[in-house]
Number of protein chains: 4
Amino acid sequence: MTDFFKGIPVVTYEGEASTNEYAFRHYNPDEVILGKRMEDHLRFAVAYWHSFAWPGGDPFGGQTFDRPWFGDSMDLARLKADVAFEMFDILGAPFYCFHDADARPEGASFAESTRNLEEIVDYLGEKQATHKTQLLWGTANMFSHRRWMSGAATNPDPEVYAYAAATVKANMDATKKLGGQNYVLWGGREGYETLLNTDLKAERAHAGRFLQQVVEYKYKIGFTGTILIEPKPQEPSKHQYDYDVATVYGFLKDFGLEGEVKTNIEQGHAILAGHSFEHEIALASALGIFGSIDMNRNDYQSGWDTDQFPNNHAEKALAFYEILRAGGYTTGGTNFDAKVRRQSLDAEDLILAHVGGMDTCARALKAAAKMLEDGHMEAARATRYAGWQTSAAQAMLEGSLETIAADVMARNVNPEPVSGRQERLENLWNRYV
Amino acid sequence: MTDFFKGIPVVTYEGEASTNEYAFRHYNPDEVILGKRMEDHLRFAVAYWHSFAWPGGDPFGGQTFDRPWFGDSMDLARLKADVAFEMFDILGAPFYCFHDADARPEGASFAESTRNLEEIVDYLGEKQATHKTQLLWGTANMFSHRRWMSGAATNPDPEVYAYAAATVKANMDATKKLGGQNYVLWGGREGYETLLNTDLKAERAHAGRFLQQVVEYKYKIGFTGTILIEPKPQEPSKHQYDYDVATVYGFLKDFGLEGEVKTNIEQGHAILAGHSFEHEIALASALGIFGSIDMNRNDYQSGWDTDQFPNNHAEKALAFYEILRAGGYTTGGTNFDAKVRRQSLDAEDLILAHVGGMDTCARALKAAAKMLEDGHMEAARATRYAGWQTSAAQAMLEGSLETIAADVMARNVNPEPVSGRQERLENLWNRYV
Amino acid sequence: MTDFFKGIPVVTYEGEASTNEYAFRHYNPDEVILGKRMEDHLRFAVAYWHSFAWPGGDPFGGQTFDRPWFGDSMDLARLKADVAFEMFDILGAPFYCFHDADARPEGASFAESTRNLEEIVDYLGEKQATHKTQLLWGTANMFSHRRWMSGAATNPDPEVYAYAAATVKANMDATKKLGGQNYVLWGGREGYETLLNTDLKAERAHAGRFLQQVVEYKYKIGFTGTILIEPKPQEPSKHQYDYDVATVYGFLKDFGLEGEVKTNIEQGHAILAGHSFEHEIALASALGIFGSIDMNRNDYQSGWDTDQFPNNHAEKALAFYEILRAGGYTTGGTNFDAKVRRQSLDAEDLILAHVGGMDTCARALKAAAKMLEDGHMEAARATRYAGWQTSAAQAMLEGSLETIAADVMARNVNPEPVSGRQERLENLWNRYV
Amino acid sequence: MTDFFKGIPVVTYEGEASTNEYAFRHYNPDEVILGKRMEDHLRFAVAYWHSFAWPGGDPFGGQTFDRPWFGDSMDLARLKADVAFEMFDILGAPFYCFHDADARPEGASFAESTRNLEEIVDYLGEKQATHKTQLLWGTANMFSHRRWMSGAATNPDPEVYAYAAATVKANMDATKKLGGQNYVLWGGREGYETLLNTDLKAERAHAGRFLQQVVEYKYKIGFTGTILIEPKPQEPSKHQYDYDVATVYGFLKDFGLEGEVKTNIEQGHAILAGHSFEHEIALASALGIFGSIDMNRNDYQSGWDTDQFPNNHAEKALAFYEILRAGGYTTGGTNFDAKVRRQSLDAEDLILAHVGGMDTCARALKAAAKMLEDGHMEAARATRYAGWQTSAAQAMLEGSLETIAADVMARNVNPEPVSGRQERLENLWNRYV
């Protein structure tokens with residue numbers, strides 16, 4: 001045991017009345033909701049990068065955190081893993097997620113970086129064997145090092161594409177070895193700074209072929225997890241190719257991958273793209289590409305990716321409602337892609353941030369489940385669209401503009417508007433949150 | 001002749017030195033650019049709605065314009081057409097565009113509205129026969145009347161879908177009759193106010209089927225123009241299904257229409273969706289769905305659709321550069337979907353706004369053409385991606401992650417970043433604008 | 001009794017367990033919170049304009065509502081007032097607010113408009129005498145009519161300034177007569193569309209003098225209410241002079257009015273200005289100019305003024321917390337500057353929207369009061385700034401850069417950062433909402 | 001001579017026809033505009049931080065630039081200064097600007113940091129003595145080091161206030177010694193992350209007192225330059241106290257400093273605050289607090305501070321027009337607070353970026369000057385407000401609401417709207433750009 005979290009107790013459920021900061025007031029893993037344990041619904045994951053690799057910098061300031069594991073040696077990488085699993089234990093987190101660069105020091109060559117990764121993967125595997133926490137997904141950091149500055153798969157230099165391909169292979173191998181349930185691709189540099197120097201069409205074609213190769217490799221090695229793309233509109237790039245769920249869908253269709261790849265949807269990225277979080281989930285579900293969630297919140301007054309912990313259950317209930325309507329997660333989960341503020345220096349800040357986030361989600365899930373169970377919301381929706389259940393309506397869809405127009409003339413159709421009842425439904429929602 | 005534009009002369013080209021407000025300083029229709037007359041490049045169209053149907057209201061204020069043709073009779077509709085063609089003549093505009101609701105009074109029934117439309121279409125046809133100006137595209141206004149408040153093709157009520165189908169049929173018939181070169185669909189109400197009352201999947205399916213019926217009808221009547229969708233992210237709806245070019249592409253792919261339907265891209269809509277105008281054009285071109293342009297500008301500090309006349313040629317040159325790179329328009333054109341400010345009350349404001357807009361575009365086109373002709377920009381782009389022309393790079397795309405990774409290891413690939421030269425290219429651009 | 005709300009019962013408090021849509025679950029007027037009745041804390045007001053004067057239009061569509069009182073006669077104006085007070089009774093609203101233009105038909109001259117206003121004011125006075133509901137504030141609509149298109153007090157034409165002055169006088173007289181507790185100025189047209197035609201300095205000077213005249217008139221007639229300015233950054237203007245609370249403060253200081261005029265802060269306007277609602281309240285309180293609230297919510301993905309009913313109590317609790325910290329309202333109140341969506345056609349939508357809004361606020365108030373009462377949040381704040389309570393710190397403020405620098409050198413000052421504990425405080429907040 | 005810029009020639013004016021990348025096409029220092037040399041109008045300054053201290057990182061990636069002077073020794077600091085002055089020479093820049101942290105390595109104590117600063121200031125003084133380039137302004141970096149994470153003058157810890165005061169003293173001393181014409185304060189950390197842990201009123205009071213101490217110290221040491229505040233709405237903080245020009249004005253008024261302190265206005269900060277650049281300049285001018293300019297451009301689709309080089313002269317002409325209307329700079333200048341993109345790795349990118357920026361500004365200035373000289377724009381403005389020059393209008397301002405209302409009644413005032421002529425004026429503007 002390291003002493004990083006010394007004095008911080010294991011966090012357990014104590015119920016709403018508890019005033020213990022180190023207790024869950026809403027997250028009760030074993031409580032059964034809609035026939036499933038809460039833990040199995042929520043499938044919480046802790047993100048390695050924000051909690052263990054991020055030094056607290058921002059565009060105008062450097063490191064604020066002092067962590068004993070900061071540095072570039074394999075020993076420090078192991079110390080970091082030790083601390084990470086101590087935090088997972090404290091929180092009772094069933095899952096974690098990581099990029100290669102979070103977990104291992106960069107080597108002087110690709111070969112050395114890969115050896116470092118393999119070594120730390122073995123160490124993480126040992127950790128997993130002796131702890132509850134397992135791998136929700138692995139991924140490759142192809143955005144921080146300067147080699148990626150102009151893109152990974154979409155780089156003007158094919159040598160970088162090669163390096164990216166080799167990197168993803170190594171990370172897919174690592175993810176498979178650790179029993180990861182998904183493999184995620186976030187293309188932070190797959191975009192452009194200026195159209196003036198960009199061959200949009202070629203870059204998109206390379207990105208498409210790259211993703212096909214990823215899927216081919218998945219089958220080759222028998223990785224049974226899900227391949228996930230994480231949409232984001234911009235930042236660090238001016239424009240990113242995986243802008244939002246709708247954009248990713250068109251991309252997948254274009255490369256014949258809509259049956260192979262799903263989406264990992266982040267709240268903050270949805271907001272930056274001009275959408276609500278629940279919109280992105282609902283759309284992915286409608287398109288058959290909903291996979292997993294990066295849970296966080298973006299400040300509504302900030303135009304960059306703030307990655308804060310969620311703290312408004314009433315709002316998140318709308319997201320979980322869409323997840324439940326979509327049938328819940330299969331291989332996906334609720335990954336906290338959230339970081340404590342750079343002023344939150346202490347070990348306890350890390351723990352309390354996650355406790356608050358988990359409780360917010362648990363409370364949101366319970367509200368959403370109850371709303372679904374009671375059925376009033378869905379009944380109202382069904383009533384609103386009831387007209388489409390008639391055979392006449394279905395026949396109209398089979399018909400032509402001409403036949404429909406003739407019918408409109410014949411029946412002198414003149415539809416009277418019907419209230420959308422938005423406020424009434426918002427009130428109904430408020431009954432649950 | 002009406003006397004609405006009394007005293008305003010026909011606007012002709014006088015060159016940059018002119019200080020005559022009623023002259024073009026840059027738009028010289030017969031000047032040959034890249035082997036084509038400027039008029040044939042730009043294919044300007046005037047929008048009927050903003051100039052002749054909009055009363056000058058905004059969300060906090062009502063009508064400011066006094067126009068002798070305002071009112072609901074057929075006589076006034078004909079007066080409006082007379083004035084419109086007088087303006088087209090003054091500007092020498094080769095095209096115009098209209099919605100049914102701009103041109104004819106709403107009737108008490110669908111039948112009466114259609115009769116009104118047919119009558120005014122005949123009148124417009126006579127106008128076209130005796131004037132230079134022809135129809136770039138027609139479209140149906142399926143957003144202003146209260147019947148559309150919850151959507152047209154995506155309405156929860158199938159009777160509204162029927163009404164929409166009949167309406168589009170009537171407008172396609174009208175467009176064909178007038179020799180329109182395109183038919184446009186803008187789905188201002190095809191979206192939602194709240195997910196709580198929305199069946200996203202069903203609405204999307206209905207929209208897809210509707211568009212298929214439109215395409216089927218096009219072939220049925222032998223309409224040889226292009227069907228265009230106009231993306232917009234929101235407003236009037238909270239979320240609109242045709243959010244942006246990428247979203248429309250996924251939608252078209254889903255319904256098998258990517259070879260049938262193209263996009264009509266509006267500057268202001270691009271901005272509201274978080275994109276630059278040139279991005280949307282470049283993307284549509286890369287995806288093979290670039291069709292036409294709604295030219296205007298959105299105020300960069302306003303979060304709603306301001307529909308102002310373009311006035312920055314340096315910025316618009318980037319858009320025309322992408323249009324030229326895409327091969328220019330085929331059936332498309334440059335439609336001014338722009339309105340004078342509601343304080344611009346006078347007849348002369350209408351004329352001068354168009355003169356300024358046309359000159360801005362002409363100047364932008366000339367700069368873009370010169371930049372393309374000189375070839376420096378494209379040479380820089382080609383150099384940046386030259387690595388992809390090697391057989392090794394192409395073989396890599398054929399290969400697998402495994403073979404690539406082996407190669408990376410074998411060659412100890414370690415790519416060195418290369419300057420993206422953005423500022424240098426921006427300087428180059430500035431040499432032309 | 002009109003029959004507009006026929007069948008809709010008076011809404012009373014039934015408690016959280018109630019599933020009656022026409023009951024309050026949280027708003028219990030007589031419940032005592034921090035020593036004051038809930039009704040006296042919240043001081044709810046209904047806005048005449050949104051509920052009774054707005055026809056349901058938006059920038060792309062016209063009227064959706066059918067209201068029997070729509071039209072321009074005095075009889076219809078009285079019918080409107082009848083219905084309004086019926087709604088106030090149903091809701092038990094202690095207050096309402098109105099503009100002249102909401103309540104009376106525009107006349108053919110200023111004199112006729114004023115007579116119409118006086119007549120309807122008498123009628124409203126009779127209503128007030130026989131109903132619970134009283135006037136929170138009056139105001140003049142100086143933005144809808146075309147005469148205001150280029151500003152009221154800031155119009156380039158002094159005749160419009162004159163008309164505005166006369167209009168405000170009439171409305172202040174009306175407000176005084178009805179016992180209004182405040183008089184509000186919202187300058188929707190006091191701004192510009194383009195700097196090119198604007199004399200910013202002159203317009204600002206005129207606005208300042210106008211406000212002085214308003215204050216002078218207040219004393220002249222012995223109006224004992226508060227004069228309030230309502231900040232908004234833009235819309236309908238591109239830029240409005242009363243941008244936000246900080247801007248208004250500078251303006252008041254400049255014209256010597258910071259002791260005379262306070263602010264009426266709207267949630268949606270705060271959001272459009274890039275601020276949180278609670279920021280604007282906290283700042284106004286710190287500056288001594290907090291007056292009243294326009295309660296609503298702005299859609300976080302829309303860039304225009306959506307004026308929706310509030311529906312997230314957890315978020316609004318932050319606003320009420322700042323109001324309570326500021327000592328609560330004096331003459332101010334919680335005015336619902338919110339409108340049902342244009343698809344919410346029915347009488348019941350109007351009622352339920354207010355019920356939901358009132359319950360959201362009541363729940364928020366209770367959470368905020370409990371948080372304040374428990375004192376943990378304020379204790380944490382006090383601890384964070386405790387260093388400033390030392391005499392050394394206060395002496396430093398009295399000192400000079402030189403003496404401080406000498407001290408820093410002498411003591412080798414090297415401050416160690418301390419955690420800001422944001423997540424912990426967010427968790428604490430969540431204990432209450 | 002270092003060899004960093006080896007092979008890059010001194011940049012001189014060659015005129016518009018030049019295709020030499022290392023020539024000015026518009027910036028001709030000795031050309032006389034409105035009676036003043038262009039160099040004396042524009043007063044260009046190079047920012048030390050972006051060009052010499054920034055390593056090319058962004059929130060998702062680290063250093064991309066390899067610079068021989070990167071590191072923490074005094075020798076490297078001198079090398080950096082050598083290279084900087086070589087660049088100033090190449091560009092013929094009359095001014096530069098720097099923060100302490102750009103120019104000297106941080107010491108282990110305040111004393112050591114100050115010694116380092118003094119030493120490098122002496123070195124910079126020698127450079128200035130032998131080069132054309134002089135100091136436009138100095139400033140203190142009170143945002144990068146972790147000690148500032150919760151604010152400098154507004155820190156909850158008074159020890160940090162002390163450290164800030166000592167730091168500003170050292171930088172004011174340095175600025176005076178180097179003959180700097182201004183001293184700038186940018187409060188990147190003077191704001192908050194969450195209101196929950198913030199005492200807004202106390203922090204504002206401390207900031208006000210701090211600024212008073214700065215002004216007192218200016219007089220104490222006989223610094224004859226201007227004290228400038230640089231507004232920015234947010235980033236790095238969620239909210240910054242110096243939000244925009246209007247906010248700064250209210251702050252200055254509150255602390256009696258409106259006659260002592262002016263503003264340094266940055267284009268990108270204006271955009272992030274929801275304003276156009278020219279608005280902020282025009283407002284500062286109207287309020288008497290216009291001082292200097294941080295010239296750059298913010299990407300219109302990015303919600304963070306992109307600090308790009310300006311490249312649209314037509315847009316910048318509007319800013320220079322307001323500067324000229326304000327009488328031009330006195331001690332202020334045009335400081336390029338702009339950085340090459342992190343992909344622009346090469347020495348030549350640094351030079352060309354500045355060449356492009358200087359040419360953009362020169363071209364904008366010339367257009368603005370011509371527009372002012374011709375007088376059409378100002379004549380139109382004067383005409384629009386001509387009504388205010390009458391004695392009746394002035395008397396009205398002296399009068400009361402009552403007298404004005406009586407006059408409105410008596411004369412039956414009913415003002416007719418007049419066209420704002422926005423598009424016509426935009427066309428006029430386009431004649432010059």
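Predicted model: local features only at pLDDT ≥ 70, side-chain atom pairs only at ≥ 80, totals over all residues.

Modeller: Residues are numbered from 1 along each chain as its sequence is written, chains are lettered from A and ligands numbered from 1 in the order in which they are written, and side-chain values use heavy atoms, with hydrogens and water left out.

Biologist: How much area do chain B and chain A bury between them?

Modeller: The contact (heavy atoms within 4.5 Å) takes 93 residues from chain B and 92 residues from chain A. Carbon and sulfur atoms carry 64% of the buried area, which is the accessible area, with a 1.4 Å probe, that two parts lose on being put together, summed over both. For chain B and chain A the value is about 8400 Å².

Biologist: How many salt bridges does the rule find across the interface of chain B and chain A?

Modeller: The rule asks for a side-chain nitrogen of Lys or Arg within 4 Å of a carboxyl oxygen of Asp or Glu. B:Glu402 and A:Lys220 form such a pair, at 2.1 Å from N to O. Across the interface of chain B and chain A, the number found is 8.

Biologist: How many salt bridges lie across the interface of chain C and chain B?

Modeller: This contact takes 32 residues from chain C and 32 residues from chain B, and the two chains bury about 3000 Å², 50% of it on carbon and sulfur atoms. B:Asp66 pairs with C:Arg146 in a salt bridge, with the closest N and O atoms 3.7 Å apart. The number across the interface of chain C and chain B is 6.

Biologist: How are α8(D) and α10(D) oriented to each other?

Modeller: In chain D, the axes of helix α8 (residues 245–254) and helix α10 (residues 277–287) come within 9 Å and cross at roughly 25°. Helices are DSSP runs of H or I with at least four residues, strands are runs of E with at least two, and both are numbered from the N terminus; axes are lines fitted to C-alpha atoms, for helices over the stretch in contact, and angles run from 0 to 180 degrees between N-to-C directions. Angles under 35 degrees count as roughly parallel, over 145 as roughly antiparallel, 65 to 115 as roughly perpendicular and the rest as oblique. The orientation of α8(D) and α10(D) is therefore roughly parallel.

Biologist: Which kind of peptide bond joins B:Glu235 and B:Pro236?

Modeller: B:Pro236 sits in the loop between β10 (226–229) and β11 (239–240) of chain B. With omega at about 10°, the bond from B:Glu235 to B:Pro236 is cis.

Biologist: What is the phi of C:Arg43?

Modeller: C:Arg43 belongs to the loop between α1 (38–42) and β5 (44–47) of chain C. Most residues other than glycine have a negative phi, and most peptide bonds are trans. C:Arg43 is not a glycine, yet its phi is positive, at about 45°.
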